[in-house]
Amino acid sequence: MAKDPLEEAGLHFDELNKLRVLEPEVSQQTTELKEECKDFVDKVGQFQKIVGGLIELVDELAKEAETEKMKAIGARNLLKSVAKQREAQQQQLQALITEKKMQLERYRIEYEALCKVEAEQNEFIDQFILQK
């Protein structure tokens, strides 16, 4: 079978009888590839939208987690300060108890000394009354 002189020159007629440089098969493959590329670009666009939404959601969750973290740190610091205040108050009360015990001991010694003085004075009065 003899080849058409136009085909030998690389020129072809399509189904609409238009003169084309590409072979019909290559032209059809090119069209299919173009459609597949368009579908791929559309799917990539949808994927980017989905990923964008996911990134926004993750950012929002990260902000909420950071806020909760700061609240937890604040509560922990408050708890530590309350514990330190209680410890300081306990030390103050312990010092006050020690001071009051020492004061009680001084009063007890003073009381015993005064009782002894009273007893001596009563004895002196008794002796003085008996001598008269």
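**Exercise 1. Find out how Lys38 and Asp42 are linked, and where they sit.**

Solution. The side chains of Lys38 and Asp42 come together in a salt bridge, 3.5 Å from N to O. For a salt bridge, a side-chain nitrogen of Lys or Arg has to be within 4 Å of a carboxyl oxygen of Asp or Glu. Keep in mind that this is a predicted model, where local features need pLDDT of at least 70 and side-chain atom pairs count only at pLDDT 80 or more, while totals for chains, interfaces and linings use all residues. Residues are numbered from 1 along each chain as its sequence is written, and side-chain values use heavy atoms, with hydrogens and water left out.

Helices here are DSSP runs (H or I, at least four residues), strands are runs of E with at least two, and both are numbered from the N terminus.

Last, check the exposure. Buried means under 20% relative accessible area, exposed means over 50%, and partly exposed is in between (1.4 Å probe, protein chains only). Lys38 has 54%, so it is exposed, while Asp42 has 39% and is partly exposed.

**Exercise 2. Decide how the rings of the aromatic pair are arranged.**

Solution. Which two numbers describe a pair of aromatic rings?

Searching the whole structure turns up one aromatic pair. It is made by Phe124 and Phe128, with ring centres 6.4 Å apart and planes at 20°, so the pair is stacked.

As for the setting, both Phe124 and Phe128 lie in helix α2, four residues apart, about one turn of the helix. Phe124 counts as exposed at 56% relative accessibility, whereas Phe128 is partly exposed at 45%.

**Exercise 3. Say which residues form a nonpolar patch on the surface.**

Solution. Patches take residues with over 30% relative accessible area and no salt bridge; like charges are joined within 9 Å, and nonpolar side chains (Val, Leu, Ile, Met, Phe, Trp, Tyr) within 5 Å. Leu54, Leu57, Val58 and Leu61 make up a nonpolar patch, with about 370 Å² of accessible area together. Accessible areas come from the Shrake-Rupley method with a 1.4 Å probe, and for residues only the protein chains shown count as cover.

Zoom in on Val58: this residue is found in helix α2 and is partly exposed at 46% relative accessibility.

**Exercise 4. Describe the whole chain.**

Solution. First, the elements: there are two helices and two strands, and along the sequence they follow the pattern α-β-β-α.

Second, the surface. Of the 132 residues in the protein, 2% are buried. The accessible surface comes to about 12800 Å², and 60% of that belongs to carbon and sulfur atoms.

Third, the cysteines. A disulfide is a pair of cysteine sulfur atoms within 2.5 Å, and the structure holds zero of them. Cys37 is partly exposed at 40% relative accessibility, and Cys115 is partly exposed at 28%.

Fourth, the record. An unreviewed UniProt entry annotates residues 79–110 as "coiled-coil region"; UniProt positions are in the numbering used here, feature names are shortened, and annotations may be inferred rather than shown by experiment. In the model, residues 79–110 are 100% helix and 0% strand, with the end C-alpha atoms 46 Å apart.

Key:
Rings of Phe, Tyr and Trp (its six-membered ring) pair if their centres lie within 6.5 Å; planes under 30 degrees apart count as stacked, over 60 as edge-to-face and the rest as tilted.
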